[in-house]
Amino acid sequence: MGLLPALTRAQIDSELRPLWDDCERLAPTFRELWATQANSPIVFRHIWGGLLEMKKASPVAARQFELAIVVVSSLNRCRFCVAHHVPLAEAAGTSAAQLATLRGLSLGPLPEDYAFPQRAGFDAGDSLVIDLAYFLVWAGTWANLNDVHPRVVQTLRRRLWARLAERCSPQQIEELVWRITQCVAFNWHNEFFELD
């Protein structure tokens with residue numbers, strides 16, 4: 001049990017109950033998370049309303065979202081998200097070997113001339129999503145903590161952006177970046193509140 005209480009349906013405003021019902025139907029394994037976030041009607045409405053809408057209508061494949069989330073959650077060592085998203089990634093067609101690769105990733109130096117080569121065992125599209133997830137965590141945490149010069153971060157960002165722009169629509173890029181950075185927030189949220 002987490003530090004903040006997980007609410008029940010009876011404890012939330014009646015206007016939020018349809019969203020609660022959608023969460024129960026579409027994300028039952030995440031109940032502890034969304035029921036905890038329901039302590040804030042604003043967070044519950046906007047975060048979970050947006051997540052479920054994106055799940056229904058995004059042009060990004062569910063597999064790619066799951067790959068990105070497993071990468072981010074593994075790098076951030078969020079046990080809650082890894083435990084909940086690995087089965088979703090498997091259901092979306094990710095093999096045990098691919099998941100082992102993703103879970104084994106760790107942050108480290110990236111040279112300025114790093115070209116984001118295709119990752120062994122993944123197709124070009126999945127590899128690009130993995131690189132995006134890795135880069136966003138790397139640039140947001142590792143690069144800052146290790147005093148990587150901003151020019152290096154920008155050079156790598158622009159190189160990755162060029163590859164993304166060749167393969168993905170602006171909507172796909174925005175939704176991938178948003179979901180990946182949102183996952184970082186979920187990781188920190190879950191760790192702080194000790195969600196199991």
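These are my notes, starting with the ground rules.

**Ground rules.** I am working on a predicted model, where local features need pLDDT of at least 70, side-chain atom pairs count only at pLDDT 80 or more, and totals for chains, interfaces and linings use all residues. Residues are numbered from 1 along each chain as its sequence is written, and side-chain values use heavy atoms, with hydrogens and water left out.

**Rings.** I paired rings of Phe, Tyr and Trp (its six-membered ring) with centres within 6.5 Å; planes under 30 degrees apart are stacked, over 60 edge-to-face, the rest tilted. I got 9 aromatic pairs. Helices here are DSSP runs of H or I, at least four residues, numbered from the N terminus.

I then checked burial: buried is under 20% relative accessible area, exposed over 50%, partly exposed in between (1.4 Å probe, protein chains only). Trp 20 and Trp 34 are both buried.

Phe 192 and Phe 193 also pair edge-to-face, at 5.3 Å and 85°. Phe 192 is exposed at 59% relative accessible area. Phe 193 counts as buried, because its relative accessibility is 19%.

I also found one aromatic cluster, formed by Tyr 114, Phe 116, Phe 135, Trp 138 and Trp 142.

**Helix H7.** H7 covers residues 124-145. Its 22 residues reach 30 Å from first C-alpha to last, close to the 32 Å expected at 1.5 Å a residue. That expected span is 1.5 Å times one less than the number of residues. Where does H7 bend? It bends by about 45° at Trp 138, taking the angle between axes fitted to the seven residues ending there and the seven starting there. I count 16 of the 22 residues of H7 as buried. At the start of H7, a side-chain oxygen of Asp 123 comes within 3.1 Å of the backbone nitrogen of Gly 125. After H7 comes Asp 147, with a positive phi near 55°.

**Cysteines.** How many disulfides (cysteine sulfur pairs within 2.5 Å) are there? I found 0. Cys 81 is in no disulfide, and its nearest cysteine sulfur, on Cys 78, is 3.7 Å away. Cys 81 counts as buried because its relative accessibility is 4%. Cys 168 is in no disulfide either; the sulfur of Cys 183 is the nearest, 18 Å away. Cys 168 is buried, at 18% relative accessibility.

Methods:
Helices (H or I, at least four residues) and strands (E, at least two) are DSSP runs, numbered from the N terminus. A polar contact is a pair of N or O atoms within 3.5 Å; within protein, one must be able to donate a hydrogen and the other to accept it, and residues adjacent in sequence count only if both atoms are side-chain atoms. A disulfide is a pair of cysteine sulfur atoms within 2.5 Å.
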